[in-house]
Amino acid sequence: MIERIASPKRTIEIVKKNDFAFQKKFGQNFLIDSHVLNKIIKSADITKEDVVIEIGPGIGSLTQELAENSKEVIAIEIDNKLIPILKDTLKDYDNITFINQDILKVDLVKLVKEKNRNKPIKVVANLPYYITTPIIMGLFENNIPLDSITVMVQKEVADRMRAKPGTKEYGALSLAVQYYSDPYIVANVPPNCFMPRPKIGSAVIKLTKYKKPSVDVCDNKLLFKVIRASFNQRRKTLINGLYNNLNKEYDKEQLKQALISTGLDLNVRGEALSLKEFADLTNELFKI
Ligand code: SAM
C-alpha cells in the first residue's frame, strides 16, 4: 500500500524535504488527520465513475484519497511551489491532472465539457477560507454541471449556510446556498487536525445541488437583490430595509402592497422570512 500523506510525520517530512514555507495569504492549513479524510471521501459518495475537481490540493493529502476512489481528479492549485511537490508525492497515480491557476480564473464550464463530456462532476476540497463564498457561489451561479460540493470550511460559515429563518446565523449566504442546494454538515473538525493549526474551528459541509432551484421565481437576480437589501439593515423592518436599500426603486406604498399580497405582516423583519416567502415577495415586486 502506498504511504498516506495525511499524517503529521509524513507532512513534516514533505515540508522539510522541499523546504516549503506555508503561505498564510493562500490559507494553507494542510489536513493531517486520516479519520477526517475518510469522512470527507465517504460523504462525498465518490465512485470509480466520478470525475472530481479538487480546489487547492496543497501537498496532496486529500488528492491521494480522491485518486484512489474516483476515475479522475482535476486538482487546481494557485501556489506554483506546490506543483513539483504534488507531482513527486503523487507520482504513483496516473489519474490526476494538476492545473496551476487561481480557481476564480479557471473556465470550469469548458473544463467540465472537456473532461467529463458535460456530465455532472463532484467538487471536493479543503477550501482556502479567504475565498469560500466566491468559490461556492461561482460554482452555483455559472451553471457548471455539478452533482455536489463537499468541502471543509470555517465552522461559522457552515452554520450560516444551513441556517434557518429567525436565527442569528441566517442571512443572504443561507438563502443563496439553500436556493441551489441541500446543505448537510458532515463533521465538525477541530484545529489540531491541520498543520499549521488554524485559530478557528472548521466543519465539513456537503451541498447536494438541486436539479432545479428550490423555489420558483420570475427573476433570480431580483430575488438576490431583495435578499441583500433585506439583510443590509437587519434591525429594520422589511419595508424600511427594502425602501432604503433598493435605490428607492419602489415607494413605500408599493412595498406595502407587495407585502400584503405575499401575506406578510407589515412589521416583519427580513430575517424572519423563509426562502419561499422571499420568492413570493420577489414575484409580487416583479409585477410592479
Ligand atoms: N487540500 C490540502 C489539504 O487538505 O491538506 C490543502 C488545503 S489548504 C486549506 C488550501 C489550499 O488552497 C492551499 O494549497 C492553497 O495554496 C490553495 N489555494 C489558495 N488560494 C487558491 C486559489 N485562489 N486557487 C486555487 N488554490 C488556492
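1. Ground rules first. This is a predicted model, in which local features need pLDDT of at least 70 and side-chain atom pairs count only at pLDDT 80 or more, while totals for chains, interfaces and linings use all residues. Residues are numbered from 1 along each chain as its sequence is written, and side-chain values use heavy atoms, with hydrogens and water left out.

2. The ligand shell. The ligand is surrounded by 23 residues, where a residue is near if one of its heavy atoms lies within 4 Å of the molecule. Leu31, Gly56, Glu77, Asp102 and Tyr130 are the closest. By class the shell holds 12 nonpolar, eight polar and three charged residues; Ala, Val, Leu, Ile, Met, Phe, Trp, Tyr, Cys and Pro count as nonpolar, Asp, Glu, Lys and Arg as charged, and the others, Gly among them, as polar.

3. Side-chain partners. The side chain of Glu77 has an N or O atom 2.6 Å from an oxygen atom of the ligand. For Asn126, a side-chain N or O atom lies 2.9 Å from a ligand oxygen atom. A nitrogen atom of the ligand is 3.3 Å from a side-chain N or O atom of Glu54. Taken alone the ligand exposes 590 Å², and the protein buries 99% of that (Shrake-Rupley method, 1.4 Å probe).

4. On a 1 Å grid over the protein atoms alone, a cavity is a set of points where a 1.4 Å probe fits but cannot get out, and lining residues have an atom within 4 Å of a point.

5. The largest cavity is lined by 29 residues, with Phe26, Gly27, Gly56, Asn126 and Pro128 nearest its centre. Strand S1 (30-31), strand S2 (51-55) and helix H3 (61-69) are the elements that give two or more residues to this lining. The lining divides into 17 nonpolar, nine polar and three charged residues.

6. The pocket. A pocket is an open set of points with protein on both sides within 12 Å along at least five of seven lines. The largest pocket has a volume of about 380 Å³ and 18 lining residues, of which Met137, Glu141, Ala176, Tyr180 and Phe224 lie nearest its centre. Helix H6 (132-141), helix H8 (172-180) and helix H9 (220-232) each give two or more residues to the lining. Nine of the lining residues are nonpolar, three polar and six charged.

7. Backbone details. The peptide bond from Met195 to Pro196 is cis, with omega near -15°; Pro196 is in the loop between strand S8 (194-195) and strand S9 (202-209). Asp19 is not a glycine, yet has a positive phi of about 55°.

Definitions and conventions: A polar contact is a pair of N or O atoms within 3.5 Å; within protein, one must be able to donate a hydrogen and the other to accept it, and residues adjacent in sequence count only if both atoms are side-chain atoms. Helices (H or I, at least four residues) and strands (E, at least two) are DSSP runs, numbered from the N terminus. Grid points are joined across faces, edges and corners, and a volume is the space filled by probe spheres set on the points.
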